[in-house]
Amino acid sequence: MQDKLVFMITEISKAQLLALHVGKRKDQNRLDPVHVSMLKMNNVSMAMETARKARIFWAPTASSDDYCIMRHMNNLESVSTYEGITTFIA
């Protein structure tokens with residue numbers, strides 16, 4: 001269980017740092033649209049993997065209203081499907 005929690009917090013922290021870095025590049029007018037595409041692809045993929053691990057971790061209550069894991073997974077799946085089509089077309 002600790003391994004799953006450590007994985008989740010590490011991946012979330014890496015995604016936040018990546019988003020911060022891309023935001024700083026935007027502030028410096030050094031942002032390329034490809035950077036945004038890579039950020040979205042990476043962070044949605046990481047969020048889906050983290051949600052999968054959370055679903056396993058909290059399996060008995062994963063679909064309850066107290067823990068919205070399944071709702072988050074459904075939202076991430078729709079973002080992944082939508083963004084996957086348009087991510088590298090630009």
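Let's start with R52, which is partly exposed at a relative accessible area of 33%. In this predicted model, R52 pairs with E49 in a salt bridge, and their closest N and O atoms sit 3.6 Å apart. The two residues belong to helix α2 and are three residues apart, about one turn of the helix. E49 is also partly exposed, with a relative accessible area of 30%.

Because E49 and K53 are four residues apart in helix α2, about one helical turn separates them. As a general point, side chains of opposite charge can pair when their charged atoms come close.

## The salt bridge on α1

The whole structure holds three salt bridges. One of them joins the side chains of K14 and E11, at 2.9 Å from N to O. Both residues lie in helix α1, three residues apart, or about one turn of the helix.

The two ends of this pair have their own accessibility values. K14 is partly exposed, with a relative accessible area of 47%, whereas E11 counts as buried at 18% relative accessibility. Leaving aside residues up to four places away in sequence, E11 touches M46 and T50. Both M46 and T50 are on the list of buried residues of α2.

## The overall fold

Stepping back, the protein has three helices and zero strands, so the pattern along the sequence reads simply α-α-α. Of the contacts with a separation of 6 or more, 64% are between residues 24 or more positions apart.

Buried residues make up 24% of the 90 residues in the protein. The accessible surface comes to about 6600 Å², and carbon and sulfur atoms account for 59% of that.

## A closer look at α2

Helix α2 covers residues 33-57, which is 25 residues. From first C-alpha to last, α2 reaches 36 Å, close to the 36 Å expected at 1.5 Å a residue. At the start of α2, a side-chain oxygen of D32 comes to within 2.9 Å of the backbone nitrogen of V34. The buried residues of this helix include S37, N43 and F57.

L39 is another residue of helix α2, and L39 is buried, with a relative accessible area of 14%. Not counting residues up to four places away in sequence, L39 touches L18, A19 and V22. As for H21, its C-alpha is 9.9 Å from that of L39, and the two residues are 18 apart along the chain.

In soluble globular proteins, nonpolar side chains tend to be buried together. Here the largest nonpolar core has eleven residues in all: M8, A15, V44, M46, A47, M48, A51, A54, I69, M73 and L76. The elements giving two or more residues to this core are α1 (2-27), α2 and α3 (69-86). Helix α2 supplies the largest share, six residues.

That puts M46 in two places in this account: M46 is a member of the largest nonpolar core, and M46 is also touched by E11, the buried residue that forms a salt bridge with K14.

Methods
Residues numbered from 1 in each chain as written. Predicted model: local features only at pLDDT ≥ 70, side-chain atom pairs only at ≥ 80, totals over all residues. Heavy atoms only, no water. Expected span 1.5 Å × (residues − 1). Buried < 20%, exposed > 50% of the residue type's maximum accessible area, 1.4 Å probe, protein only. Polar contact = N/O pair within 3.5 Å; in protein donor to acceptor, adjacent residues only side chain to side chain. Contact = heavy atoms within 4.5 Å. Areas by Shrake-Rupley, 256 points an atom, 1.4 Å probe, with all protein chains shown as cover. Core = buried A, V, L, I, M, F, W, Y, C linked by side-chain atoms within 4.5 Å. Salt bridge = Lys/Arg side-chain N within 4 Å of Asp/Glu carboxyl O.
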